[in-house]
Amino acid sequence: MSVFAGVVAESANPVEAERWERRLKVRVLNELRKSTYHWKPLSYDEDLSLIYMAARLDGGYAAVSRAFQEIKKRIPQFEPLTLLDFGSGTGSVAWAAHQFWGNSIREYMCVDSSSAMNKLAEFLLTGGDESQKPLINEVYFRQFLPVSPKVQYDLVVSAFSLMDLPNSATRIQTILTLWRKTRDFLVLVENGTKEGHQTLMEARDIVLEGEEKVPHTPNVAHVFAPCSHDLPCPKLAEKIVLPCNFVQAYHPLPFTWNPDVKLEKFSYLILRRQSRGSEESWPRIIQPVQRRARHVHCHLCSNSGTLEHVVITARKHSRDLYRCARYSEWGDSLPAIFCDSETILGSDPEADGKNPNGETATPEQ
């Protein structure tokens with residue numbers, strides 16, 4: 001019996017389950033302290049894979065779902081047929097992608113160097129019963145990226161994996177390979193720390209500078225989200241450098257130590273293999289919206305590559321924009337462009353005053 005099946009058997013005994021949870025909580029906290037704020041290569045065996053599942057499966061799913069929601073909301077006609085997940089871990093990316101595009105995806109290629117992690121992901125796909133058929137079909141696991149440069153995927157994802165790589169040279173090569181494999185969207189997600197943000201900015205520069213050359217493959221790229229521009233990140237030019245991150249609320253796994261709702265702080269980057277459209281120029285709200293009597297404070301990253309602090313009132317900016325800003329949340333796009341003398345309002349029917357949310361990953365209210 002595998003260690004994964006053994007955990008399920010233990011959980012049937014309430015006393016043993018409580019003891020197991022206490023031991024697991026201690027190890028989870030220890031591993032999180034080691035890995036969250038440090039650039040550290042990790043090697044996952046069966047025990048560490050279980051710890052990672054308990055610590056990161058739910059929060060990782062919430063963060064990836066938030067990134068996918070950005071694509072689904074703005075490009076509802078996008079229906080990927082193939083998915084590549086690098087550093088697939090417990091399979092949270094496949095679960096999230098199935099939630100959004102389960103009717104269209106015909107191949108989930110999950111790549112993780114840890115055979116123990118792959119076994120755990122397969123175990124979870126069967127609902128904890130290895131004799132049952134997987135809950136998601138056409139999911140394939142392998143330990144190395146596909147070699148052929150001709151093989152591309154509609155949606156390529158790397159979630160909380162780039163910082164696990166051993167050195168900068170390996171990260172750069174991996175980023176180039178992932179972009180080479182991307183037919184449409186490349187989604188990168190990391191912890192919402194300085195290190196996580198800097199890792200994503202490194203990837204952003206590598207792709208936008210066009211360091212990789214692939215015959216018969218267009219290298220035109222732009223940042224789809226969260227940035228509304230392809231210029232250097234203005235956050236990195238500040239005297240006090242703070243990461244560009246966002247918060248996603250979610251319901252965690254039902255361990256005794258978990259509250260009903262937790263917050264996942266993460267950074268993300270979505271790159272698209274095509275030229276930028278005019279509809280993608282709305283500024284992004286990069287801090288919690290401060291709602292005051294008759295005015296709203298919004299901190300924005302604008303399409304000019306600068307940070308702006310805008311105080312929005314109904315009298316100065318129109319009632320529609322004031323109402324939109326008041327109901328917007330940290331991480332939304334604000335459909336307006338602010339100039340010295342005027343404000344240009346957007347006509348986007350998706351008006352990002354509506355919060356992006358999925359069935360299980362609900363944004364902070």
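Guide: R272 belongs to strand β8. Strands here are DSSP runs of E, at least two residues long, and helices are runs of H or I, at least four, all numbered from the N terminus. The model is predicted: local features need pLDDT of at least 70 and side-chain atom pairs 80 or more, while totals for chains, interfaces and linings use all residues. Residues are numbered from 1 along each chain as its sequence is written, and side-chain values use heavy atoms, with hydrogens and water left out.

R272 has a relative accessible area of 9%, so it is buried (under 20%; exposed is over 50%, partly exposed in between; 1.4 Å probe, protein chains only). Leaving aside residues up to four places away in sequence, R272 touches I75, W179, D184, F185, V220, A221, H222 and F224. Contact means heavy atoms within 4.5 Å.

L271 also lies in β8, which covers residues 262–272. Its relative accessibility is 0%, so L271 counts as buried.

From L271, look across to P226. The two are 45 residues apart in sequence, yet 9.5 Å apart from C-alpha to C-alpha. P226 is in the loop between β6 (222–225) and β7 (246–250). The peptide bond leading from A225 to P226 is cis, with omega near 0°. Most peptide bonds are trans, and most residues other than glycine have a negative phi.

Two residues have a positive phi without being glycine. Phi of F160 is near 55°. F160 sits in the loop between β4 and α6 (168–180). At 10% relative accessibility, F160 counts as buried. Phi of E138 is near 60°. E138 lies in the loop between α5 and β3 (139–142). With a relative accessible area of 41%, E138 is partly exposed.

Now α5 itself. Its buried residues are A116, M117, N118, L120, A121, F123 and L125. G127 follows the helix, with a positive phi near 75°. Helix α5 (residues 115–125) packs on helix α3 (residues 46–74) at about 55°, with the axes 9 Å apart. Axes are lines fitted to C-alpha atoms over the stretch in contact, and angles run from 0 to 180 degrees between N-to-C directions. The crossing of α3 and α5 is right-handed. α3 contributes E46, S49, L50, Y52, M53 and L57 to the contact, and α5 contributes A116, M117, L120 and L124. By class, the contact residues are eight nonpolar, one polar and one charged. Asp, Glu, Lys and Arg count as charged; Ala, Val, Leu, Ile, Met, Phe, Trp, Tyr, Cys and Pro as nonpolar; the others, Gly among them, as polar.

α3 also meets α4. The buried residues of α4 pack against α3, β1 (82–86), β2 (107–111) and β4 (153–159). Those buried residues are S92, V93, A94, A96, A97, F100 and W101. Seven of the 10 residues of α4 (residues 92–101) are buried, so this helix is largely enclosed by the rest of the structure.

Last, the whole chain. Its secondary structure comes to nine helices and 14 strands. Of its 365 residues, 52% count as buried. Among contacts between residues at least 6 apart in sequence, 72% join residues at least 24 apart.

Technical notes:
A crossing is left-handed if the near helix is turned anticlockwise from the far one by less than a right angle, and right-handed if clockwise.
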